[in-house]
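Okay, thanks for coming, everyone.

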Amino acid sequence: MALLSRRTFLKGSAVAGASFALGAGFAARPGIASPVTLKAQFTEAAIASDGVTPKLMTYGLGDEAARGMPPILRMKKGESFAARLINGLDEPTTVHWHGLRIVNAMDGVPEMTQPYVYPGDGFDYAFTPPDAGTFWYHPHCNTLTQMGHGMTGVIVVENPDDPIFDAEVVLNLRDWRLGAGGAFIAPFKPRDAAKGGTYGTVRTANWQQEPVYEAPTGGLVRVRIAATDVTRIYTIGIEDGQGLVVALDGNAVAAPFPLDRLDFGPGQRVELIVRMPDEEGKSIKLGNFRGSSPWTITTLKAVGGSSLKRSLQDVKPLSANQIAEADLSTAERIPLDFTATAEHKATESICGSLGYTFWAINKVPWQGDTPDPVAPLSDLKLGKSYVLQVRNRTPHAHPIHLHGLSFRVLSSNKRTFLPPPTDTILLQPDEQAELGLVADNLGDWLLHCHIIEHQKTGMSAYFRVV
Ligand code: C2O
Ligand code: CU
């Protein structure tokens, strides 16, 4: 058996070029899945039709240079997963695992749950996803730039008792702010940040404009969709075909229902079962129907001879994740007001500041990621139930995301359909809703709007579970 000489070891670490502070520390922890290397890096790709965009940011697996979109990470419910982040960018970064209810130290929020990962450094993430479904991952540092330039990837957490469908299509929906020749333009306009947010100029699914996917004729396709754009709210619909909504934000709907028009905002996910046409070569389209001119997100084309003749009527509800239900008789009520705030300059931060403050939660605009953040919204007691009384006191929709905990929409003045448990609620203009949760995960958990311009100009806060 060869012994590892100190010299080899040093050489090895120099090659990795990384120091691993405060992460999961794989070497010392038996029983953890062997880690994948997730390298944050620059790349280039043809996103616009008129040129190659340089300086895209993405993640790649292993040592090979990444080509294109961040990989879909597949995990298994209840099984450990480990990833070593290596920072190949020229600025600090971290990874947040959006929607996964994992331990606080793995949540990826700089200053709050882990140190910044500087260029050339690394961080070891290891956790066990407790829920099956569609989730996603992204940095939690300088996010308007890092996410805006490409760092948004989809996570599929598989369930051993998932039904088998004839095909699966995973769609990572996002836009890009590109100008002539495919070069990046200014990431936002302050006057839009103070309203609904600044839209991209090029719309993509999986980094392609209107991609076409093939699926068996007459088959059932599981379509997992994640809205990873920094701004856009989608209203999805289907043309020339039928589909059922089976899961929202990683959680099964109790009774699958036909897809008509469905709103979902940045951070949210939708899972559909779509029935392919019976005739080979025919296709159906998923489109965005928000606004006055609908457009195609993707086309699914029937291939492979005679129809499989599947029926949407045979689709059963997916199995539910185990999420504790709030005890409303003992729950403490916490009012949360989402408002605009007097405009003023924001403080600088290592993870970037947009230079403005436009928004606030309970009248307090977030000051950015600092070693000394504002006080938590409230200290929650481990295992206790709470009802968040959220009020959107603005004329804009806000996808409000809570880290580390899932909640149920108990009531709302704007909706009749109450979705399954979620980590992100798309609060409609002037919506008032009650959100029930059990504080069953220790630590500091951010709550913020997932329109990144809103998050970065004040609409952020956190709970502390003790
Ligand atoms: Cu998807 Cu705080 O993030
Ligand atoms: Cu918002």
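How much space lies in the largest pocket? About 420 Å³, and that volume is the space filled by probe spheres set on grid points joined across faces, edges and corners. A pocket here, on a 1 Å grid over the protein atoms alone, is an open set of points where a 1.4 Å probe fits, with protein on both sides within 12 Å along at least five of seven lines, and lining residues have an atom within 4 Å of a point.

Quick housekeeping: this is a predicted model, where local features need pLDDT of at least 70 and side-chain atom pairs count only at pLDDT 80 or more, while totals for chains, interfaces and linings use all residues. Residues are numbered from 1 along each chain as its sequence is written, chains are lettered from A and ligands numbered from 1 in written order, and side-chain values use heavy atoms, leaving out hydrogens and water.

Next, the metal. The copper ion, ligand 2, is held by ND1 of His398, SG of Cys449 and ND1 of His454, at 2.0 to 2.1 Å. Donors are N, O and S atoms within 2.8 Å of the metal (3.2 Å for Na, K and Ca), and since water isn't among the atoms, sites may look incomplete. The spacing reads H-x50-C-x4-H. His398 sits in β24 (398-402) and Cys449 in β28 (443-449), so the pair ties together parts 51 residues apart in sequence. Both His398 and Cys449 are buried, meaning under 20% relative accessible area; exposed is over 50%, partly exposed in between, with a 1.4 Å probe and protein chains only.

Now the packing. A nonpolar core is a set of buried Ala, Val, Leu, Ile, Met, Phe, Trp, Tyr and Cys residues joined through side-chain atoms within 4.5 Å. The largest has 37 residues, and Leu336 and Phe338 touch the most other members. A second, separate core has 30, including Met276 and Ile297.

Glu111 isn't a glycine, yet its phi is positive, about 75°; the residue is in the β5–β6 loop. Asp240 also has a positive phi, near 60°, and is exposed at 61% relative accessible area.

Note on methods: Helix = DSSP H or I, 4+ residues; strand = E, 2+ residues; numbered from the N terminus.
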